[in-house]
Number of protein chains: 4
Amino acid sequence: MCSVVGIYKNQNAAKKAFYSLFSMQHRGQEAAGISSNENGKIHTIKNRGLVTEIFTEEHFQTVLKGDMAIGHTRYSTAGDDSILDAQPVYAKYGLGEISIVHNGNLTNKMPVRNELIKRGAIFQTNMDTENIIHLIAKDYEKNTLQERIVDAVKKIEGAYSLIILSRTKMFAIRDPYGFRPLSIGKIASGGYIIASETCAFELVGAEYVRDVKPGEMVIFENGEMKSIQLFESKPKKCIFEYIYFARPDSDVFGKNVYETRVEMGRELAKELPVDADMVVPVPDSGVASALGYSKESGIPFELGIMRNHYVGRTFIEPTQEVRDIKVKMKLSPIKHKIAGKKLVVIDDSIVRGTTSKRIIRMLKEAGAAEVHMRIASPASKGACYYGVDTPNPDELIASRMSVDEICEYIEADSLAYLSIESMVKSIKDKKEDYCFACFDLDYPVEPKE
Amino acid sequence: MCSVVGIYKNQNAAKKAFYSLFSMQHRGQEAAGISSNENGKIHTIKNRGLVTEIFTEEHFQTVLKGDMAIGHTRYSTAGDDSILDAQPVYAKYGLGEISIVHNGNLTNKMPVRNELIKRGAIFQTNMDTENIIHLIAKDYEKNTLQERIVDAVKKIEGAYSLIILSRTKMFAIRDPYGFRPLSIGKIASGGYIIASETCAFELVGAEYVRDVKPGEMVIFENGEMKSIQLFESKPKKCIFEYIYFARPDSDVFGKNVYETRVEMGRELAKELPVDADMVVPVPDSGVASALGYSKESGIPFELGIMRNHYVGRTFIEPTQEVRDIKVKMKLSPIKHKIAGKKLVVIDDSIVRGTTSKRIIRMLKEAGAAEVHMRIASPASKGACYYGVDTPNPDELIASRMSVDEICEYIEADSLAYLSIESMVKSIKDKKEDYCFACFDLDYPVEPKE
Amino acid sequence: MCSVVGIYKNQNAAKKAFYSLFSMQHRGQEAAGISSNENGKIHTIKNRGLVTEIFTEEHFQTVLKGDMAIGHTRYSTAGDDSILDAQPVYAKYGLGEISIVHNGNLTNKMPVRNELIKRGAIFQTNMDTENIIHLIAKDYEKNTLQERIVDAVKKIEGAYSLIILSRTKMFAIRDPYGFRPLSIGKIASGGYIIASETCAFELVGAEYVRDVKPGEMVIFENGEMKSIQLFESKPKKCIFEYIYFARPDSDVFGKNVYETRVEMGRELAKELPVDADMVVPVPDSGVASALGYSKESGIPFELGIMRNHYVGRTFIEPTQEVRDIKVKMKLSPIKHKIAGKKLVVIDDSIVRGTTSKRIIRMLKEAGAAEVHMRIASPASKGACYYGVDTPNPDELIASRMSVDEICEYIEADSLAYLSIESMVKSIKDKKEDYCFACFDLDYPVEPKE
Amino acid sequence: MCSVVGIYKNQNAAKKAFYSLFSMQHRGQEAAGISSNENGKIHTIKNRGLVTEIFTEEHFQTVLKGDMAIGHTRYSTAGDDSILDAQPVYAKYGLGEISIVHNGNLTNKMPVRNELIKRGAIFQTNMDTENIIHLIAKDYEKNTLQERIVDAVKKIEGAYSLIILSRTKMFAIRDPYGFRPLSIGKIASGGYIIASETCAFELVGAEYVRDVKPGEMVIFENGEMKSIQLFESKPKKCIFEYIYFARPDSDVFGKNVYETRVEMGRELAKELPVDADMVVPVPDSGVASALGYSKESGIPFELGIMRNHYVGRTFIEPTQEVRDIKVKMKLSPIKHKIAGKKLVVIDDSIVRGTTSKRIIRMLKEAGAAEVHMRIASPASKGACYYGVDTPNPDELIASRMSVDEICEYIEADSLAYLSIESMVKSIKDKKEDYCFACFDLDYPVEPKE
């Protein structure tokens, strides 16, 4: 994942970008950065770590000045060059200076990169964002940045929600499929915000205006917002935003995430009823769906598992004798509540199965009579090529085992997943407008590598 | 607050103490420490910070060896000497070596200290724990530590849950009122654990045996556990353990905390009904009570306020224009859910009133039609002399204002507190066995200072 | 300044690069980095800070593997993008992968950069090293890296000591003037080392072979070392290496730095004698010259000023009343020794004059009867365009004041600088082979910006 | 070792103590602390680390207020309780508050401690300073602090330079032998300073007045300085202060340390001449003596070994193949200078012999024809019981080997130590006034443990 933000024409643009990134920290905790535009000169600070660790008041006072800013939080596995892989990506090029933030993943990164290298380009990072800057820089025949951006995005494929900062303008672009979200808000104290999630609007005092449309380029120039539809909109919005990524208080693709999750829980109860004494969520990921399940089924909702928020980096090795201690440091059962009871345990998804297995074992040790696992999404079987950092498909338990086999592996009394059809009902929208590729392996854009 | 733990006759005693302190981190985050006993020699590591920050694997491998250990987490305001105010307090004295951890507060600290100083004692810290060591050290006529401890505790008044580690034994003592909890568990891999909360038993693989009784001294010696009732038990157990301090998965004073909080919510609904569209907890403190309120009233429970767990230390000053930003960085309303709705908002208590005011303002800005505040405890009016670190009484809003005035101040549409009587119903126990002094100013032990 | 190192065909190449950079830390303390080549794959670690702060054992075990490595320490003022300005600069390009380290400064950076930008290049940093990579990458007509490097260095002007690491080879190049040093050594445990200073050879167990010649390209390939003279050698070696930069135990341009400094002190005594009781160096920069001055003049050498090596970052503001406290925290006079005495104080250079003024005031307060300042180099008047990070010329006191005026400003009893002629005598070499531009403003290569 | 400082009646007393401790950092780098007296209330900050790491501007603004302050830097090996072993030691006791700093070592620590424990004292640290506070606190019959201090110091034996801060006064006391130095200065901006070394006077703007005499108690009260001779003065001043500990710019026991070291070098040349080409000091410890050796012998002084000041903590393991790399990271030979030459190498002392052996090997590898080691002190054979943290006697090479054997072990061509008689000549004072116990095992006070 990742998050992007742009602030256009607001005093303290960079600080507003900071607050926005803070609100979107859940979309990427590895690295973060901000570029600001101070009278046409672009300044950048980026580093590894959380946004509250990276930025200091001094940065805003002395470096990140100006009334335009873009920012990024990065979600990723670390490589040897990872410090360099933070965004924004800044460059001096033929038309001046430019800085770009990108959420998504290009499916034709390598063919484009190889073509660019043949034409003399050098690549200093592994980020596909660098492709986009090169395409813009090498488009000599076009004399305006806008034309060059249009040419560039016509050459790239896959998922991209982009914000581009130049000496005088800001551009926000979403790919024709609109895989990743991107919303526009109006800031009470002046100017605009573009952000991956609307939860970023709260701390900067902005009101939601509308989403950037799939295939649209929004141009901020001379204090105004203009729009060009670059491509026909063929929406394939990422269903996983609702299931896992987005913050419950965000509206994503025009729908509130919390409410959508409650609906998924309701559909789960309709589709996969179970005779039980209580509905227990795996905190925090399963809470909203569990509430929906309880409302629909009438089975009481109980916070039967507690989450410990002090879990951080510890330098202590778990002792041999204590099994499953890492899960237990994070989650604890409320024994009195669950002892002797039949539980429906709700989680948002199962990835490798090991955590579910440990949770169920913990609940049984705490005395649960039965544990029925209900998952508020279909079984994840495939890789995502559009910006979700899924594990390798052979690590996904559902790609290797049937539901019955998984149930046995995780030692549940029963297991069921929400069907794609019920999920569609819960979002109350057209199925064809969403990407379910990680569940049904029907990829809207084929990767070329 | 604070937490204490003792591990008796278990391999890796110090590491088990570490896991216990980790589980009780919520009772004190300022400082922590562990003393271990390696064949009669006591070693101590203590420092400021969280337990995961203080202790390293190397400490356990090279210093904190042995099969007995005691530990402490400290909750406190910082003073100039605060590094020294961490526990355990260790001393060489007439009978050898001793190390003590203490949860509570002595009400006759200064008279005892002054008397000790007259007899030549020096005090290197501000901790009343130091009093206890001096009383033991100066009791020359008694030749055994046990006799000296008995003499010492007869001279101290107030709240104390103590664990004492000597060269060969461990002692656990609870004051006659049993203000603070202290429970005994049996560790599956051998030996005993004594801890402030039973949530500490989970990570060390222990089963609850029983509570140390008010006025009881439990002696661990030669691998055995013995008991002496030092004082007649006159229970005045701290009701605030249920309201705020203890972890939901703990059993405190023999009752599960989560269930008790749900009951308080139920009583709140019975006593203080309101016509509303949904019950919304202030996370995380009001969640269990809100669930109970919803169950009893039938008004739907909704997580209408989201809590951001990334809030840590930030080096950024909030911008002037964004009011209430500190509350907003921590809590966010789910606008779609609450817009136009009548809310019953549940919290565990109101201290100064400023946070409640900001939350209500935030909910109104998010479109809430009405905000009815319901507090799952009586109005806090008085100081605690028994170990709860309450603010000065004149900072407590309920000591200065009537309920109507508070309601107006926090800008709620209505406000009500749970009565002491309803609270007693929710704990299903005898009222006279609990201390409600911070609510009714009826102090079981008068402070002498 | 800066330092570069290359290790060719040695086990633990990266760790040997680390030790070399440690030895050359005095040439740049802002940032450092190492690239290693593991079977044709290049890995890079770089960051801000000292080499001992940046690199960990884990880096060498898990990332910086292989038998070839290059490294860099950076000396620079910090800018907003400075994390990115660390070297090596790595890129994927048309012929594979490449990593470059560069000591020096290109005098035609901007014209070349502008030309490259016109041809579609993007620049992500402010380093002229990026120019070189682009020139290599865009030289499509040539099919070998060696040809491309030759073409590239023909397009750049100014000072450069370069080491280039490719998938299979290593190249070391020195500009036709040989402004900056670059020496080759043979490592006892196998392979070669190329380094800015020979002091890097000690820790890796290498023997000095020879210098890379001005205008020469040395190619390491298939375990062999080959040489091509790319340009006619027109030596203009930097005299400041002897005066200030290089470590006393290094041989630079074939001469030992310590001995050269002693000679400068001797020449200073011959040219600028003074009647005094003792020769006192400003530590550590003036020690060797002061020794030479004493030997030649017969005036006793005394360490009349002590240097405090504990000076680091302090968070304490100097109190108002204590003037000159920053100099005094670093340097202290030995009062008994200097009280009532006539001193010749020797330093290597005067930059802004403020430090000299404070030192002289400190010595007078300590009772010195007379302070005669002797500088073991000519008066610095001009900027350096070849890689020495001199202040802006108008900050150089000698560009604004005559020697008499400087003497008055620094409150010395007399002041004299070594002449260029005497300096030439002390290096015992041909004057025309050295660059004295910062003293005589006779620039061998004009900057084009 | 250790250092102590007291500031009496000066604005910013604590900050002046800070600057003094900074100047005396060489006497102890493990921990440091300051107590200040703000209108009778004593505040303390102490911690592990260097003084510049421990203290912040905020400490001085908000905690360490008042016009009296004492401070301490600690030199020690770390134990498990070492955080607590920092000084000042503060206590509340019968007459109010007190804080003490102590440089030295008590030879009857354990008998006094055992006696105190019998009388009910508890000891929270391993420091003998705690003994002194207990003796004062338990002296009930005396009603003034001054009387109690007098009684207390009459019960302790060994080496002590003490500074005691009470609510209204400051006391400075030196044991009858005056083992450790303690000097009084007058501060230009008002009040007095007492410090272990006069180098502390420079940064606070103080003039040397006189030393506290052996056996004297100096009392600062009502702005005045008074004196009481508690014991007959029987001076046994520590000769090692001149050899190793004190800073060259300090005057210790009334003599300048630098000059004394130069004299030791002269005596070394007289007593132990050698036919050589140059005198080379081991930096920095041997520099002053080497200068004296050169002056007396006429053999040229050369800085043939360079010291690298970047050596700090490194996380890198030395590679196997590079022998002696730790010494080489710190010291490097100037090969050109020493190759083929006969060297007299001067160091201040030999402890275990391993460093000398590595240095000599390094010089031989660099081409030295002969290495004659001359030590500017006698051979160290015994433990110090008076505050110098010497290794265990069996680790001292001179306690196990003859001079010839040591010479062979360290692979020198010849080795000689300065005799006690020559050392006496170099200090130009009466032999019986100094303690040479670590050389001749003639201990002025026998330890009782």
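Tyr8(C) stands opposite Met68(C) in β4(C), within an antiparallel pairing of β1(C) with strand β4 (residues 68-74) of chain C over seven bridges. The model is predicted: local features need pLDDT of at least 70, side-chain atom pairs count only at pLDDT 80 or more, and totals for chains, interfaces and linings use all residues. Residues are numbered from 1 along each chain as its sequence is written, while chains are lettered from A and ligands numbered from 1 in the order in which they are written. Strands (E, at least two residues) and helices (H or I, at least four) are DSSP runs numbered from the N terminus, and two strands pair if DSSP finds at least two bridges between them.

**Strand β1 of chain C**

- Seven of the seven residues of strand β1 (residues 2-8) of chain C are buried, so β1(C) is largely enclosed by the rest of the structure.
- A residue is buried if 20 or more other C-beta atoms lie within 10 Å of its own, exposed if 12 or fewer, and partly exposed in between, with C-beta atoms placed from the backbone.
- In a regular strand the side chains alternate between the two faces of the sheet.
- Cys2(C), Val4(C), Gly6(C) and Tyr8(C) point one way from β1(C), Ser3(C), Val5(C) and Ile7(C) point the other way, and all are buried.
- Besides β4(C), β1(C) pairs with strand β10 (residues 192-195) of chain C, running antiparallel and joined by four bridges.
- Gly6(C) has Ile194(C) as its bridge partner in β10(C).

**A sheet in chain D**

- Chain D holds an open sheet of six strands with antiparallel pairing, in the order β5-β6-β7-β8-β12-β13.
- β5 (89-93) and β13 (224-229) of chain D stand at the edges with a single partner strand each, so one side of each has no neighbour in the sheet.
- On average, neighbouring strands of this sheet are turned by 20° against each other, direction ignored; the axes are lines fitted to C-alpha atoms (for helices over the stretch in contact), and angles run from 0 to 180 degrees between N-to-C directions.
- Within the sheet, strand β7 (residues 158-166) and strand β8 (residues 170-174) of chain D pair in the antiparallel sense over five bridges.
- Leu165(D) has Met170(D) as its bridge partner in β8(D).

**Domains of chain A**

- Chain A is divided into domain 1 (2-235) and domain 2 (255-440), with bounds that come from an automatic or database domain assignment.
- The C-alpha centres of domain 1 and domain 2 of chain A lie 34 Å apart.
- Eleven residues from domain 1 of chain A and six residues from domain 2 of chain A make up the contact; two residues are in contact if their C-beta atoms, placed from the backbone, lie within 7 Å.
- On the side of domain 1 of chain A that touches domain 2 of chain A, β6 (96-106) and β7 (158-165) of chain A each supply at least two residues, and β6(A) gives the largest share, three residues.
- That side of domain 1 of chain A divides into four nonpolar, six polar and one charged residue, where Ala, Val, Leu, Ile, Met, Phe, Trp, Tyr, Cys and Pro count as nonpolar, Asp, Glu, Lys and Arg as charged, and the others, Gly among them, as polar.

**Chains A and B**

- The contact takes 49 residues from chain A and 49 residues from chain B.
- Elements that each supply at least two residues of the side of chain A that touches chain B include α1 (13-23), α9 (257-271) and β19 (331-333) of chain A.
- α10(A) gives the most to that side, with four residues.
- By class, the side of chain A that touches chain B has 23 nonpolar, 13 polar and 13 charged residues.

**Chains C and D**

- Chain C and chain D contribute 49 residues each to their contact.
- Chain C can be laid on chain D with an RMSD of 0.0 Å by a turn of 180° and a shift of 0.0 Å along the axis, and the two copies are thus related as by a two-fold rotation axis.

**Chains that do not touch**

- Chain B and chain C do not touch, and their nearest C-alpha atoms are 17 Å apart.
- Chain A and chain D do not touch either, with nearest C-alpha atoms 18 Å apart.

Note on methods. Copies are superposed by least squares on the C-alpha atoms of residues with pLDDT of at least 70 in both.
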